[in-house]
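The sequence and structure are shown first.

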Amino acid sequence: MAALAPVGEVVREPSARRAAGVSARRRRRLNAFRYLVFTVFGLFFALPLLAMARFSLEGAKLGTWSVTAWSQIASYQGTQAVGIPPLISSIEITLELAVITCAVIVLLLVPTMIWIRLRVRWLSRTFEFLCLLPLTIPAIVLVVGLGPIYNRIQRVSLSALMLFWVYVILALPYAYRALAAGLGGLDVTTLAEAARSLGARWLTVIVRVIVPNMWQAIINALLLTSALVLGEFTIAYLLLYNNLQVELYSISRNTPNAGVLFATSTAALAFAFALLLILSYVGRRRRRSRG
Amino acid sequence: MSPQATSAQEAATRNAVEVQMTGLSRRYGQVVALDRLDLTLQPGELVALLGPSGCGKTTTLRLLAGLEDADAGQITVAGRDITHVPASRRDMGMVFQAYSLFPHMTVRQNVAFGLRLRRVAAAVRDRRAVEMLELVGLSEQADRYPHQLSGGQQQRVALARALAIEPQVLLLDEPLSALDAKVRAQLRDEIRRIQLEVGITTLFVTHDQEEALAIADRVGVMRDGRLEQLASPTDVYSRPATAFVAEFVGLSNRLAGTVSGGVVTVRGCDLPLMDRSTPDGPAMALVRPEAVTLASGYPADAGPLTGTVIALTFLGATSRVTVDLGDTTILAQLATADATAHPAGSRVTLTIRPDPVLVAVDGAASAGEGA
Ligand SMILES: Nc1ncnc2c1ncn2[C@@H]1O[C@H](COP(=O)(O)OP(=O)(O)OP(=O)(O)O)[C@@H](O)[C@H]1O
Ligand SMILES: [Mg+2]
């Protein structure tokens, strides 16, 4: 059978040609400017953090180094004499909260958003409004509103994991935005119609065609959600739950060493950084494996 | 019938099916997209639906594919009523105007997707995908991702993907409209070759009349949700059923004249009418540009068929000459060699070949509204 001659079109290579157009000198100047901006902003962000780390390592006499503050948080036992240090259990709780919140958010939002895009377009405005609403409500108002509800919840379960109800609501706007951006870049309707004409049912369309094309958006949503859970203090504190932030706060208050305050803050930051780095690294790997 | 058409019929005897749409209607709010459409595709036949924008071509195709529900009417494929069968169980291959390959799958995976849904064994699936890619001339690109292909290549893969499931019917919705002219013509012929080879009943939607006339066994001209004419490309062109078809397919001059007794008199020429039952009275005769010929100079008294050339459009082998007749202008299409004898500004005398013509009564049916 007659195979066709290849069509005379080549996939474009965008970067090379554009760079050649700019003269070398201009490019160098542009680069210098780039580095300058990067340095200035880098310092702006890094200096306070470095200072905080330095203070956490301050010895008893000014200008000396010591790890006392760090060993104090690690060995902090609070009111209990033995058992798992509260810091460790609060880390555990916070991680579990992050996982639960992420799972609920994704299971809730991804199918709903795809369904709205595919079948009930007219709902999308309302849905967006609902999802963005928590952004406009101050935490304290939320807590006041949630107080009675949590009274009820605490009758059933005292676990700090019950915080996930609020966290899902808090994370809604961020996760929604991330997912909406991912969906917006896809021609969902055409993909779905193509899949259906090939014999896919609606569930197959969502699971095998749409979702695999929005992994990046899902991972972004997960990143934002877990960042929020890891850093949440106000609501947990006001609802009298001990998550990581609350625990760090109480350690720094209950230890007569100023360095502990800085050490706990640094620890909290480092913890969140490390987790987010891991998550975004996972996301990058996925993307690359796809070419 | 053309030799192509007969080979289509040979293929048809193998496995092709008949598709019948009766009284299909569909409205969107106030807009009547389809108005009691009747259309039958013979087994193995390629029918092109042609018509101005918004006439309901896409709607017809989507109803047939099950992507949209009909308000009324019935669709049968091979005698089976499928009006209420969901799209996923209709067994129709579809190629879309927009690029529709799954971005996260390679070309091979795209082509094999429909077979995977049908739980075809991996070995069979792979072999079939390779076969299909060979059919569209893309076996080299099997492991690329869609974003690494050109537009034309993507549409070929889409065609391979649609054909891989061995559908009963192939549906194409302006699959070429995003491509440039050269790739378009090439892929158009390619689609026709593959369609004949596979022998599948095909509905091809386009708003490009050249495309429709070039590849179809029969062309259906649509207007406002109804089928104006369904006939072979030559018939649609030379024996249009209505004035609308005459004006939409190819170019027509509209010349004022008078009908009497099956003949229309236009500027002193008597032209026979296609439709002998046309009522007597004033009418607009639709005259093809190729029925008009030119001669240099003119007799002493300027008659109704003399005028001045005002423009000459070079089209390659033929050229189009615009002549100002004083009260109107007329287009003539001539071999380029003849046309160059009449540069702009020269005086010419026209002759109208007495081919049967159609008349548009009172400006009804002005084609190309919005097209
Ligand atoms: N989803 C829809 N909602 C509302 N109106 C629609 C919808 N789809 C089609 N229409 C209307 O139905 C009519 C027929 O549309 P259709 O898409 O079938 O036209 P078409 O012949 O394919 O035109 P084109 O050549 O521009 O693709 C048009 O007037 C269009 O505005
Ligand atoms: Mg259309």
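## Salt bridges

A salt bridge is taken here as a side-chain nitrogen of Lys or Arg within 4 Å of a carboxyl oxygen of Asp or Glu. The model under discussion is predicted. In B:Glu166 and B:Arg128, the closest N and O atoms are 3.2 Å apart, and the two residues form a salt bridge. This pair links distant parts of the chain, 38 residues apart: B:Glu166 belongs to the loop between helix H5 (151–164) and strand E7 (169–173) of chain B, and B:Arg128 to helix H4 (residues 122–135) of chain B. B:Glu166 has a relative accessible area of 53% and is exposed, whereas B:Arg128, at 15% relative accessibility, counts as buried.

Over all chains, a search of the whole structure finds 23 salt bridges. One of them joins the side chains of B:Arg62 and B:Glu68, at 2.8 Å from N to O. Both B:Arg62 and B:Glu68 are buried. A network of salt bridges links these two residues, B:Arg62 and B:Glu68, with A:Glu193. B:Arg223 and B:Glu228 also form a salt bridge, with their closest N and O atoms 3.8 Å apart. B:Arg223 counts as partly exposed at 21% relative accessibility, and B:Glu228 counts as partly exposed at 23%.

## Surroundings of ligand 1

The residues that surround ligand 1 include B:Tyr28, B:Val31, B:Ala33, B:Lys57, B:Thr58 and B:Glu174. By class, this shell has 4 nonpolar, 5 polar and 2 charged residues.

Several polar atoms of chain B face oxygen atoms of the ligand. A polar side-chain atom of B:Thr58 lies 2.5 Å from an oxygen atom of ligand 1, and an N or O atom in the side chain of B:Lys57 is 2.7 Å from an oxygen atom of the ligand. For B:Cys55, a polar backbone atom is 3.2 Å from a ligand oxygen atom. Of the 630 Å² of accessible area that ligand 1 has on its own, the protein covers 61%. Strand E2 (31–41) and helix H2 (57–65) of chain B are the elements that give two or more residues to the shell, and H2(B) supplies the largest share, 3 residues.

## Overall form of chain B

Chain B contains 10 helices and 20 strands, and its C-alpha trace spans about 85 × 45 × 40 Å along the principal axes. Of its 371 residues, 53% count as buried. The accessible surface of chain B comes to about 15,600 Å², and carbon and sulfur atoms account for 50% of that surface. Among contacts in chain B with a separation of 6 or more, 68% are between residues 24 or more positions apart.

Conventions. Residues are numbered from 1 along each chain as its sequence is written. Chains are lettered from A and ligands numbered from 1 in the order in which they are written. This is a predicted model: local features need pLDDT of at least 70, side-chain atom pairs count only at pLDDT 80 or more; totals for chains, interfaces and linings use all residues. Side-chain values use heavy atoms; hydrogens and water are left out. A residue is near a molecule or strand if one of its heavy atoms lies within 4 Å of it. A polar contact is a pair of N or O atoms within 3.5 Å; within protein, one must be able to donate a hydrogen and the other to accept it, and residues adjacent in sequence count only if both atoms are side-chain atoms. Accessible areas come from the Shrake-Rupley method with a 1.4 Å probe; for residues, only the protein chains shown count as cover. Helices (H or I, at least four residues) and strands (E, at least two) are DSSP runs, numbered from the N terminus. Ala, Val, Leu, Ile, Met, Phe, Trp, Tyr, Cys and Pro count as nonpolar, Asp, Glu, Lys and Arg as charged, and the others, Gly among them, as polar. Buried means under 20% relative accessible area, exposed over 50%, partly exposed in between (1.4 Å probe, protein chains only). Contact means heavy atoms within 4.5 Å.
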